[in-house]
Amino acid sequence: MTALATRAGLPALLARLHGTPLASWAATLPDLLADKLARGHGDLTRWQAAVDALPALDARQRELAETFHLAGPCSDAQRAALEQALKGLIPWRKGPFELFGMHIDTEWRSDWKWARIAPHLDLRGKRVLDVGCGNGYYQWRMLGAGADCVIGVDPNWLFFCQFLAMKHYLPELPAWHLPLALEELPASLEGFDTVFSMGVLYHRRSPIDHLLALKDCLMRGGELLLETLVVEGDAQTVLVPEDRYAQMRNVWFLPSVAALELWLRRAGFVDVRCIDVSVTSVEEQRSTEWMRFQSLPEFLDPQDRSKTIEGLPAPRRAALLARKP
Ligand SMILES: Nc1ncnc2c1ncn2[C@@H]1O[C@H](C[S@+](CC[C@H]([NH3+])C(=O)[O-])CC(=O)[O-])[C@@H](O)[C@H]1O
C-alpha cells in the first residue's frame, strides 16, 4: 500500500467496515486506490509535498459540532510552517477551518449551509456517505453531529489532499475520503444509513440515474439528503442552460423544487420533503485570500443581482430529504 493510501487511513477503514454490507467493497479499495494513484494528476506530487510539510501538532482541543476549530500548543515558527503548507493547497473552496490560531477563510461559508441543514437530521450512530464531498468540510461536521463514520467520495485530487491535511491532525477520527466518482462505486452497495449529495446533481447529465445510484448506496429505510440548484416553478419546470450558468460550463438540469420532489418519487424514494430553499448571497460565496479566482459577485449581473451574468435566475439552492422504502 502506498504511503498516501496509508495516510488516507485505508487499513482503519477496512477494519471499520469488517462485518458490514460494505466489507467486500472495502477489500477492493487498496488495489483501486493504488491504480488511481499510479495514474494520479500532474499536481499531485506538489500537493502531496504540501501535506508532508505540515508540522506535527497535537490538536488536543477540538470543536466540530458548532464549527471546525482545532487548538493546541503551537509556536510562531510552527504556525508559519502550517500556513505555508496549507497555502500550498490553495484554492480552498469549502470551509472555513480554524486550526492552531490560523483561519482559512474559504470561498464558501459552508458552515452557513450546514446550519440550515443539520437541524433536520439525526446523524447519531449513522454510517454516512457524502457524495461529492469536496475537501471533506461537511464530513468533519457530520462527525461533530454524532455520525459513527463518514466516507466521502470525490474525484478531485486537490480536495483529497486538503482532506488529508485535516486528517493529519485528526488521524483517529472515523472519516475517510476516497478519490472516486459515485459512478465508480459498485451497484447495490446498500450499506449506508444516510447518503448526502450536495452540489452534485446539476453537474450530472442524467439526474434521475444519479438519484437511482444514490438510492443504491442506501440500506432499506436509509435517508437521502439532496442539495442542488433549483429554479422557481411547478412540477414540470426545469431550466437547461444553453451554455454556461454563473460561468460554470458543466451545469445541466436546474429543476423547480416541485419537479425535484417528483423526480425523487419517480426514482422510488418516499417521505420526500423540502427542508430549505435559500438564494446564495455574495457573502456566502466570494473570493478570499485563500481562493483568489473570481466568485459569485463577478458571476452575477452587476445591474441586477437577481440574475446571473448570462441573464438566468441567480443561484437558489434547495435541500430535500427522502427515504428509501
Ligand atoms: N460524479 C461525481 N461523483 C462524486 N463527486 C463528484 C462527481 N462529479 C463532481 N463531483 C464533485 O462534486 C463537488 C461539487 S461542489 C459541492 C461540494 C460539497 N458537497 C458542497 O456541498 O459544498 C459544487 C458546489 O460548489 O456546490 C466537487 O467537489 C466535484 O469534484
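Which residues are buried in helix H10 (residues 257–266)? Select the helix and look for Val257, Ala259, Leu260, Trp263 and Leu264: those are the buried ones. Keep in mind as you go that this is a predicted model.

Now turn the view so you look down the axis of H10. The buried residues fall within an arc of 160°, so they line one face of the helix. What do they pack against? Show helix H9 (207–217) along with strands E10 (238–239), E11 (254–255), E12 (270–279) and E15 (316–323), and you have their packing partners.

Next stop: a pair of helices. Select H2 (residues 10–17) and H3 (residues 23–39), which pack at an angle of about 165° with their axes 8 Å apart. Angles over 145 degrees count as roughly antiparallel, so that is what H2 is to H3. H2 passes H3 in a left-handed crossing. To see the contact, show Leu10, Leu13, Leu14 and Leu17 of H2, then Ala23, Ala26, Ala27, Leu29, Pro30 and Leu33 of H3. By class, that contact has ten nonpolar residues, with no polar and no charged ones.

Last, pick H4 (residues 44–52) and H8 (residues 157–167). Their axes come within 9 Å and cross at roughly 10°, which makes H4 roughly parallel to H8. Show Leu44, Trp47, Gln48, Ala50 and Val51 in H4, and you'll find them meeting Trp157, Leu158, Cys161, Leu164 and Ala165 in H8. The class count for this contact is nine nonpolar, one polar and no charged residues.

How values were computed: Residues are numbered from 1 along each chain as its sequence is written. This is a predicted model: local features need pLDDT of at least 70, side-chain atom pairs count only at pLDDT 80 or more; totals for chains, interfaces and linings use all residues. Axes are lines fitted to C-alpha atoms, for helices over the stretch in contact, and angles run from 0 to 180 degrees between N-to-C directions. Helices (H or I, at least four residues) and strands (E, at least two) are DSSP runs, numbered from the N terminus. Angles under 35 degrees count as roughly parallel, over 145 as roughly antiparallel, 65 to 115 as roughly perpendicular and the rest as oblique. A crossing is left-handed if the near helix is turned anticlockwise from the far one by less than a right angle, and right-handed if clockwise. Two residues are in contact if their C-beta atoms, placed from the backbone, lie within 7 Å. Ala, Val, Leu, Ile, Met, Phe, Trp, Tyr, Cys and Pro count as nonpolar, Asp, Glu, Lys and Arg as charged, and the others, Gly among them, as polar. A residue is buried if 20 or more other C-beta atoms lie within 10 Å of its own, exposed if 12 or fewer, and partly exposed in between; C-beta atoms are placed from the backbone. The arc is that of the directions from the helix axis to the C-beta atoms.
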